[in-house]
Amino acid sequence: MLSFLPHFALPPTPALFAQLLIGLINGAFYAMLSLGLAVIFGMLNIINFTHGAQYMLGAFCAWLALNYLGIGYWPALILAPLAVAAAGIVLERLFLRHIYRLDHLYGLLLTFGLALIIEGVFRQYYGSSGQPYSIPSELNGAHDLGFMFLPNYRAWVILASLAVCIGTWFLIERTRLGAYLRAATENPVLVQAFGINVPRMVTLTYGFGAALAAFAGVLAAPIYQVSPLMGSNIIVVVFAVVVIGGMGSILGAVASGFVLGVIEGLTKVFYPEASNTVIFVVMAIVLLAKPAGFFGRAA
Amino acid sequence: MSGMLSAGLRLRETGLSPRWTLILCGLLLAAAIAGPFVLYPVFLMKALCFALFACAFNLLIGYVGLLSFGHAAFMGSASYITAHVVKVWGFEPLAGILAGTAVALLLGAVFGWLAIRRQGIYFAMITLALAQMIFFVALQVKFTGGEDGIQAVPRGRLLGVIDLSDTFVMYYFVLVIFLIGYAAIYRTIHSPFGQVLKAIRENEPRAISLGYRTDRYKLLAFILSATLAGLAGSTKSLVFQLASLTDVQWQMSGEVVLMTLIGGLGTVFGPVVGAFIDVTMENYLAQYGSWVTVMQGVIFVICVLTFRRGVVGEIIYLAQRASIGRSQAPPPSAAAQAAPGE
């Protein structure tokens, strides 16, 4: 075990910034995915285990559209989330709505089963290896920032994910629709009595959450490869992020996503052996110090 | 937690009289002893290991109402330790099993200590995340052999005398281990300790107000469950003479949930039935690649939507309804009887 001890020599600056950037990118995906989980949980009281599969579906939609229909990255960025949202709405109507009365745990098990089905089908047809998806030509190249090279596509991912996160926050916290949504989270029966169609809102919320995951998937396609396993690999980490941040607040989910991504990136610089596990270790520490999570309401 | 439990857990265990229970147990034991003469022994041993694993898992979900999504960590780490101790250190198999089980116990103590701070779905997510950490450790640490795992683990001689490389001898050894584990679970459930666990499952605030330190009970149940899952994992590594990443992967944690769900959450014998069903299914579908995963997903969905009592839970429910119908007596607790049907 002694060989595992970190040697705290400061790495050269470019390497540090490069890992910091990778951390930010990973953090962007954690943020978008935990945001979607929090939105769905708020409205449906279900932990959406299918979220990883929907992220994978988004990436695969983009890949399939490119290879079979010749639809490029930019249209796919809109179309793939719409397609996955439509599939999500079908799932909600067919399956999820039957279990709202039951314990939350059944929601976890049901969406876990759905994730197994989706993943299994894709693994059967596309194997476990990744398919490459090239960066759109507009975003090729990189900028020299003086201290490091910033690839354009990575800058775009960070900006796009920030825009999506802030947009979602604005939608939920600052608009009338969002006010209905928050009210229905608190007391669905009362909101329904005011003449608002709560079941439809629940359905659309699930569709929206699925679309968020798919959007993240399309963004991820050129960075990571498009693989049937990409969803399940990331979803467990996102769960840890959600435990750390708590699901009570939108900004909390986004902030903890980015922060943990950066922590992971920095760990890769100073102590690479632990980079896979550092988020789980942080989770354990947070559980000891602040069992409800940083932004969580007591669950 | 009450929703999870309304899925049939409030039913009495069996509607059978003690004499019939004894006869049924005798028949099952006879079947277990005659098993390897009829069926492929390695298949039976695999099923028994998974049955013990599922029973250990069910102790938590069925009797304390805690859904652990990380039980693969206990099974997997115990199997690695046993394989290493037996193969590299050359210990005899029983010592290897004890070492693996002890490590699962320690791991369970740490995981439980962390995870019981949160309830419900958070508990599930925390156990899943902690187990994933163990997976990455197993992937990186040298002694586990990475992707290859620890292969060609010798079964050795039990206590230096009994040769376990004989498949039949090994089968009865596994059967004895299973029975010991099963008896431990049965005793736990039917002890005063088990009654407190059920009280926590039904209404934790009330149990607290009655003066029970529920966190201690939950932690103890968690450790017991982890230990027995480890026992199953240690035994499995000797049966297959292999410890690999499959045993620590989260898919394994999902599979044990599935087995328990099929057989019946919170029924003593349900997980055994579920494990046999799942292992049989895997055996027959193995040639179809990822369709096994799809099939497991489909069963998950069906079980959650329409079959929440599971096979054994359903049988008990039907038997009880029949006996109530015969006696024409009003049901002992109408609400509890109606709830599972919801």
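Modeller: Buried here is 20 or more other C-beta atoms within 10 Å of a residue's own, exposed is 12 or fewer, and partly exposed is in between, with C-beta atoms placed from the backbone. This is a predicted model, in which local features need pLDDT of at least 70, side-chain atom pairs count only at pLDDT 80 or more, and totals for chains, interfaces and linings use all residues. Residues are numbered from 1 along each chain as its sequence is written, while chains are lettered from A and ligands numbered from 1 in the order in which they are written.

The background is simple: an α-helix has 3.6 residues a turn, so residues three or four places apart point the same way.

Now the chain around that helix. Chain B has 15 helices and 2 strands, which are DSSP runs numbered from the N terminus (helices: H or I, at least four residues; strands: E, at least two). Its C-alpha trace spans about 65 × 45 × 40 Å along the principal axes. A compact globule of 342 residues would have a radius of gyration near 20 Å, and chain B agrees with its 20 Å (taken over C-alpha atoms; the globule rule is 2.2 Å times the number of residues to the power 0.38). Of the 342 residues in chain B, 50% are buried. Among chain B contacts with a separation of 6 or more, 78% are between residues 24 or more positions apart; a contact means C-beta atoms, placed from the backbone, within 7 Å.

On to the interface: 38 residues of chain B are in contact with 36 residues of chain A. H1 (2-5), H6 (120-140), H11 (250-263) and H13 (291-306) of chain B each give two or more residues to the B side. H6(B) provides the largest share, 14 residues. By type, the B side splits into 25 nonpolar, 11 polar and 2 charged, where Ala, Val, Leu, Ile, Met, Phe, Trp, Tyr, Cys and Pro count as nonpolar, Asp, Glu, Lys and Arg as charged, and the others, Gly among them, as polar.

H6(B) is mostly covered, with 16 of its 21 residues buried. Its end C-alpha atoms are 31 Å apart, which agrees with the 30 Å that its 21 residues should span at 1.5 Å a residue; the rule is 1.5 Å times one less than the number of residues. Leaving aside neighbours within four places in sequence, B:Ala129 is in contact with A:Val236, A:Phe239, A:Ala240, A:Val243, A:Phe280 and A:Met283.

B:Ala129 turns up again in the largest nonpolar core, where B:Ala129 and B:Leu52 touch the most other members out of 206 residues. H3(B) gives the most to this core, 17 residues. A core here is a set of buried Ala, Val, Leu, Ile, Met, Phe, Trp, Tyr and Cys residues joined through C-beta atoms within 7 Å.

B:Leu67 is in the loop between H3 (41-63) and H4 (72-87) of chain B. B:Leu67 counts as buried because it has 26 C-beta neighbours inside 10 Å. Beyond four places in sequence, B:Leu67 is in contact with A:Leu105, B:Ile61, B:Phe123 and B:Ala124.

Most residues other than glycine have a negative phi. B:Ala152 is in the loop between H6 and S1 (157-158) of chain B, and with 8 C-beta neighbours inside 10 Å it counts as exposed. B:Gln241 is in the loop between H10 (214-239) and H11 of chain B, and its 16 neighbours inside 10 Å make it partly exposed.

Conventions. Two residues are in contact if their C-beta atoms, placed from the backbone, lie within 7 Å.
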